[in-house]
Amino acid sequence: MKKNKILKIAAVVLLIVTTAFITRMYTVKEILGNNRDFGKVILMEDYLKENYLYNKEIKEENLETGILKGLVAGLEDPYSQYLTKDEMKKLQEQTTGKFQGIGVIISPAEDGTVTVISPIKGSPADGAGLESGDKILKINGKDFNAEKIEEASKEMRGEAGSTVDLLVLKKKSLKTEEVSIKRDEIKIDSVIKNKIGDIGYIGITMFDEDTGKDFVKVLDELTKENVKGIILDMRGNPGGVVDSAVEIGDAILPKGTFVTLKNNKNEIIDEYKLDENYNNIKMVVLVNEGSASASEILAGAISDLHRAKIVGKTTYGKGVVQNVIGLPDGDGLKLTISEYYTPSGKSINKKGVKPDVEVELPEDIKGIGVDYKDTDTQLKKAIEMIEK
């Protein structure tokens, strides 16, 4: 099976080309100061520095970031973006599904506090006894509130083995506790295994670098447990690493084309093929409006190859692929470079994948998945179809 790490850092030659472009842009800007286009940038920069009320607070790096972000924003493409060093690091964490910290999911609460949604199972935060509803008041002696949620998250991350000190208001006792937690590498599980009676359930929350192999492992386990079928739940899955979707497709789909990528000249730049070996266990796939990108690639191939019925709502409709190029200072560029087509040659960009069986969820539903199987009408339909 052909591999192509689409969301990996680009090759050195691309880095050199991009660096040359950035360097040339600033050189031309300096040489052609009176040029109408670059002149506007220089004129505005000089005017800001001369007249802005707080001009002593102007930082050159912020102006440069603003120019670069504006340049890419001019494409009017919601998926293309200039990435700062911090944004680049976060993107890399998302594609690997790993980061270093204490492993706690936090959210701004209505009372203005930083509130624990849940600790990640098996993480240092879980081991230290943090629970849903606890309030984090201080981190390393610094006060944090809901308006500083990003700063709070950043403060708790750090090198594995280092320590972070928290002042926590416990939900149950309403007493404050000082907690010292040693950071570690955190892995977010993107594959959820469960069973509903004798039916297997696999939820995929996102596609990171390990999702493919984790899915294959869980699929093999459920098959050996002699389940009568599998419900594959990709509802709310925003996508991620395309290679992982290909790996899953190779495990459950017959021989053929999985997905084709075409560039701005309508040329095929990549074509993923499936081999003849696959697990043909009975399957139903769940999708909704939050299923996007790589999850749509997989759902589209499953539909086109008539491998399983799709249940739920029409997917988001993100049928384009972005490449990420690393720049010399740790920043980067995420750029839409191609559009993908399903095995039958259909583009689903801005259209989505339509389900074979459309099912609405109740307006007052509190959640989806196995824990809410009594009210999750889409899951109930999938169970019914497996039973038949």
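## Confidence along the chain

Where pLDDT is low, the predicted coordinates should not be read in detail.

For the chain, the mean pLDDT is 87. A value of 70 or more is reached by 90% of the residues.

## The largest pocket

How much space lies in the largest pocket? The volume is about 1,100 Å³. The lining is made of 28 residues. Closest to the pocket's centre are Lys90, Glu93, Phe99, Ser153 and Arg157.

Which element gives the largest share of the lining? Helix H4 does, with seven residues. H4 spans residues 85-96. At least two lining residues each come from H4, strand S2 (98-101), strand S3 (104-108) and helix H6 (149-156). By type, the lining has nine nonpolar, nine polar and 10 charged residues.

## Two packed helices

Two packed helices are described by the angle between their axes and the distance between the axes. Helix H7 covers residues 211-224, and helix H8 covers residues 242-252. Their packing angle is about 25 degrees, and their axes lie 7 Å apart. Angles under 35 degrees count as roughly parallel, so H7 is roughly parallel to H8.

H7 brings Thr211, Gly212, Lys213, Phe215, Val216 and Leu219 to the contact. H8 brings Ser244, Glu247, Ile248, Ala251 and Ile252. Sorted by type, the residues of this contact are six nonpolar, three polar and two charged.

Note on methods
Residues numbered from 1 in each chain as written. Predicted model: local features only at pLDDT ≥ 70, side-chain atom pairs only at ≥ 80, totals over all residues. Heavy atoms only, no water. Axes fitted to C-alpha atoms, helices over the stretch in contact; angles between N-to-C directions. Helix = DSSP H or I, 4+ residues; strand = E, 2+ residues; numbered from the N terminus. Parallel < 35°, antiparallel > 145°, perpendicular 65-115°, else oblique. Contact = heavy atoms within 4.5 Å. Nonpolar A, V, L, I, M, F, W, Y, C, P; charged D, E, K, R; others polar. 1 Å grid on protein atoms, 1.4 Å probe; cavity = no way out; pocket = protein on both sides within 12 Å on 5 of 7 lines; lining within 4 Å. Points joined across faces, edges and corners; volume = space filled by probe spheres on them. pLDDT = per-residue confidence, 0-100.
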